[in-house]
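Student: I have a structure to look at and would like to learn how to read it. Could you take me through some features, one at a time?
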Amino acid sequence: MASIAGTLDVVQIRKDFPILSRKVHQKPLVYLDNAATSQKPQVVIDALTNYYQNYNANIHRGIHSLADEATSAYESTRRAIQTWINAEKPEEIIFTRGTTEGINLIAYSFSQINLAKGDEILISGLEHHSNIVPWQMACERHGAHLKVIPINTKGELDLSGLEELISERTKMVALIYVSNALGTINPVKDITEKAHKVGAKVLLDAAQAAPHFDLDVRDLDCDFLVFSGHKILGPTGIGILYGKEAELNHLPPYQGGGEMIAEVSFEHTTYNVLPYKFEAGTPNIADTIALKAAIEYMQTIGFDAIAQHENELLSYATRQLTAIDGLRLIGTAEKKASVASFVVEGVHHQDLGILLDQDGIAIRTGHHCAQPIMSQLGLKGTCRASFAFYNTLEEIEFFIHSLRKAISMLR
Amino acid sequence: MESIVNKSEELVDEFSFFEDWADKYAHIIDLGKNMPPLEDHWKTPEHLIKGCQSNVWLHAELKEGLVYYYADSDAIIVKGLIGLLVRIFSGQPPAEIVHADLSFMNQIGLQQHLSPTRSNGLASMVKQIKMYALAFQANKS
């Protein structure tokens, strides 16, 4: 069997993830559902318990020591993310519950002041439901129209008609950076440039990009970028919204409450400065603090090494999958993240998911919260195996073996 | 007429011969493949069970005081599992179905598929089987 010549010591890395040594149906867990959520290293779990055991306190307004320690830890995550994604200022980093909340925040606040009757929002045919529905809702509220960049049969964006799709009427281009269902990496930088030429703003959904490569918001030049902590080894319930300072300053608040105010009277309220204007109420302190441990862990391993290892896993899996009779890969873009989506002729994806689970293998089956992709490709759903840097070639080999067995049982 | 309890015991007995999961699922797949397909005119949105990755249709009729179930799915394992349920409940009086317990699924090691947290629709299917029985029971009295 093939081996990886990369620099990652995956055997050692796997020891950092307690869950990877558990069994499912008496078989070693083979976790290939990383695009849904990543597993957590011990340092992240420790950061959570350390906070609750040693310095649990509400942040920002306290003058006692615990509040001070908690506030420093919380704010140091903001700076860690600022540095990682190359934002100009920590104030440009807003903590949210996740990608979905970040998109909803922008869809609401941006549309309040920028969207009028006859205006257009442009999304793509590869969007997750969370980058479709908030914009549909905004369009309904303001009488605007939702336009869609079509996709080709390889699952790439078809940009041949882009000049007609982006016009003076376009106020926002909201794009998925990496497709969760197919793995396609979209040319977001080019599209951003075209959008800016007509004065449109750009939001990038980087939920599936953040686990795989370094993000550089200044290079991308996007106005807003969102992602989730739980897909990059962090806890659930914490996400990031990046926005250019000028853009965020311009927007009205999303939710009202504590923390987001400067002064409140019954007649009038003035709002707090960035980032607090968008962080109403007691935030998710513990998970925010633990997110820093997650990012530091990924940076220690190194995004170049992660990308190299995941590419090897993907190309090995792709070769093995395409050798299976009647199996068709869905999503064969030139540029792909480590996601292998496929269908097998005459076999329902759900049946494959059930049988693979009996062998301890976790994959995802269905429409992957992207029903429009499935209808564009004429499918009801796919099987999706998504790989992380802690996966091994041996795991993929076992997955292929188990998949072949399942197919022969079902045919 | 064989009771639900008797039929369940037979089923548990039938499954006790399988030594590993592959044999057990191969049997369920066979049951699914051999189940007569539901006639197309019953495959309507009203007969479709929601909350499922695959399509699952269920139709029921009352004949001479007994409920008869007809079901289908485009996923074969789910179809086989439905087949097990139809085999147990079809031809039983409504009151027996309403009060039947499903511990036999536990005994044959398939209770995980009945969990409402699994998106295979079987939990909704069981609920629908009982709802039909309850409706027939209510109409009778």
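Student: How many salt bridges are there between chain A and chain B?

Tutor: Remember that this is a predicted model. To find a salt bridge, look for a side-chain nitrogen of Lys or Arg within 4 Å of a carboxyl oxygen of Asp or Glu. Between chain A and chain B the count is one. The partners are A:Lys380 and B:Asp74, with 3.6 Å from N to O.

Student: Which elements give two or more residues to the side of chain A that touches chain B?

Tutor: Those are α12, β16 and α14 (393-410) of chain A. Helix α12(A) supplies the largest share, seven residues. By type, that side has seven charged, seven polar and four nonpolar residues.

Student: How much area do chain A and chain B bury between them?

Tutor: About 1500 Å², with 55% of it on carbon and sulfur atoms. On the chain A side, A:Met409, A:Gln350 and A:Gln358 lose the most area to chain B, together 36% of what that side buries.

Student: Now the sheet, please. In which order do the strands of the open sheet in chain A lie?

Tutor: Strands of a sheet pair through backbone hydrogen bonds, and the pairing can be parallel or antiparallel. Here four strands follow the order β13-β14-β17-β16 in chain A, paired antiparallel. Because β13 (327-330) and β16 (364-366) of chain A each have a single partner strand, they stand at the edges, and one side of each lacks a neighbour in the sheet.

Student: Which residue is the bridge partner of A:Ala340 in β17(A)?

Tutor: A:Ala385. Four bridges in total join β14 to β17 of chain A.

Note on methods:
Residues numbered from 1 in each chain as written. Chains lettered and ligands numbered in written order. Predicted model: local features only at pLDDT ≥ 70, side-chain atom pairs only at ≥ 80, totals over all residues. Heavy atoms only, no water. Pairing = 2+ DSSP bridges. Buried area = accessible area lost by both parts, 1.4 Å probe. Nonpolar A, V, L, I, M, F, W, Y, C, P; charged D, E, K, R; others polar.
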